[in-house]
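Here's a quick briefing on the structure you have open. Have a look at the fold, then run through the notes by topic.

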Amino acid sequence: LLTERLVYLLFFFFLVMLVISNATITGMGLFRRRDVEWQVALPLPVRSLVVWKTLEGMILASWGLMVLSAPILLALGQIFEAGPVIYLAGVPAWLGLVTIAANVSTWGLLLLVRFVRRWWWKGAGILALLLLATAFRRFLLEIPESTAGTDIVGSLQDVLRHTEVCMHPLLPSSWVAEVLLAAGHGLKEQALFYSLVLAANALFSLLVTAWLGARMFY
């Protein structure tokens, strides 16, 4: 149970890390580099520029994840004794995750630059501090009653309850975890299903990026 939950947690934080790193790199490529003005003046569709900058940011931001996740994938293969199946299923799932994260970062950048105003930042900063303080108080200062006794099962349930958000069925990171766990348990049909879900959403996210780029970037 703990191993499976850790897989969900791991790829959830990988997703968050990818979104932040892609937003940083793609934002610099789209809005900070001096050659963007020259590229916009070229006879090519603006959506092509946005898509290629997104893919460029994805490549630059995802190599670190590949380095981090490779030994973890090897360890999962040894734990489940699944053979090469888990590795063959894990690589396409990893590609789908980084593609979705890169495109989500570009959506956020385009919407941020287009609609956000400077005076919003003060309110956003205050809200972020309040949320951080609330989270700190809830997760670090409040000690569950079950941990005070010897109820190990109750303590474990209290810890796992705080990680349920990482298992939300609409998160791409959950789909990657499902692929690896299904492949590890020999459920090839289920692993194939979630791999196709990742592939379909990754391709669809590219279409959304092209649509938003054509209408918002210039």
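About 13,800 Å² of the protein chain is accessible surface, and carbon and sulfur atoms account for 71% of that. Keep in mind that this is a predicted model. On the secondary-structure side, the chain has eight helices and zero strands. Buried residues come to 37% of its 218 residues.

**Overall layout**

- Reading from the N terminus, the elements go α-α-α-α-α-α-α-α.
- Along the principal axes, the C-alpha atoms of the protein chain fill a box of roughly 65 × 45 × 25 Å.
- Take the contacts between residues at least 6 apart in sequence: 78% of them join residues at least 24 apart.
- For charges, the chain carries 15 positive and 12 negative side chains. The centres of those two sets sit 19 Å apart.

**Nonpolar cores**

- The largest nonpolar core has 33 residues, and the members that touch the most others are F11, I86, V176, L180 and L198.
- Helices α1 (2-32), α3, α4 (85-115), α7 (172-184) and α8 (188-217) each put at least two residues into this core.
- Helix α4 gives the largest share of this core, with nine residues.
- Setting aside neighbours within four places in sequence, L180 is in contact with F11, L73, L76, I86 and G90.

**Aromatic pairs**

- How many aromatic pairs are there? The count comes to four.
- F11 and F14 form one that is edge-to-face, because their planes stand at 85°, with ring centres 5.7 Å apart. The cut-off that matters for that label is an angle over 60 degrees.
- These two phenylalanines are three residues apart in helix α1, so about one helical turn separates F11 and F14.
- F11 counts as buried because its relative accessibility is 7%.
- F14 also has 7% relative accessibility, so F14 counts as buried.
- F193 and Y194 make an edge-to-face aromatic pair as well, at 5.1 Å centre to centre and with 80° between the planes.

**S105, in helix α4**

- S105 lies in helix α4, and S105 touches L18, V19, N22 and A23 once residues up to four places away in sequence are left out.
- Is S105 buried or exposed? S105 counts as buried, because its relative accessibility is 3% and the buried label applies under 20%.

**G64, in helix α3**

- G64 lies in helix α3, which covers residues 46-80.
- With a relative accessible area of 23%, G64 is partly exposed.
- G64 and L15 are 49 residues apart along the chain, and their C-alpha atoms are separated by 13 Å.

**L44, in a loop**

- Where is L44? L44 has its place in the loop between α2 (35-40) and α3.
- L44 has a relative accessible area of 37%, so L44 is partly exposed.
- Not counting residues up to four places away in sequence, L44 touches Q39 and L49.

**V159, in helix α6**

- V159 is found in helix α6, which spans residues 152-161.
- Why does V159 count as exposed? Its relative accessible area is 51%, and the exposed label applies over 50%.
- V159 and A133 are 26 residues apart in sequence, and C-alpha to C-alpha they are 20 Å apart in space.

Key:
Residues are numbered from 1 along each chain as its sequence is written. This is a predicted model: local features need pLDDT of at least 70, side-chain atom pairs count only at pLDDT 80 or more; totals for chains, interfaces and linings use all residues. Side-chain values use heavy atoms; hydrogens and water are left out. Helices (H or I, at least four residues) and strands (E, at least two) are DSSP runs, numbered from the N terminus. Buried means under 20% relative accessible area, exposed over 50%, partly exposed in between (1.4 Å probe, protein chains only). Contact means heavy atoms within 4.5 Å. Accessible areas come from the Shrake-Rupley method with a 1.4 Å probe; for residues, only the protein chains shown count as cover. Lys and Arg count as positive and Asp and Glu as negative; His and the chain ends are not counted. The place of a charge is taken as NZ of Lys, CZ of Arg, CG of Asp or CD of Glu. A nonpolar core is a set of buried Ala, Val, Leu, Ile, Met, Phe, Trp, Tyr and Cys residues joined through side-chain atoms within 4.5 Å. Rings of Phe, Tyr and Trp (its six-membered ring) pair if their centres lie within 6.5 Å; planes under 30 degrees apart count as stacked, over 60 as edge-to-face and the rest as tilted.
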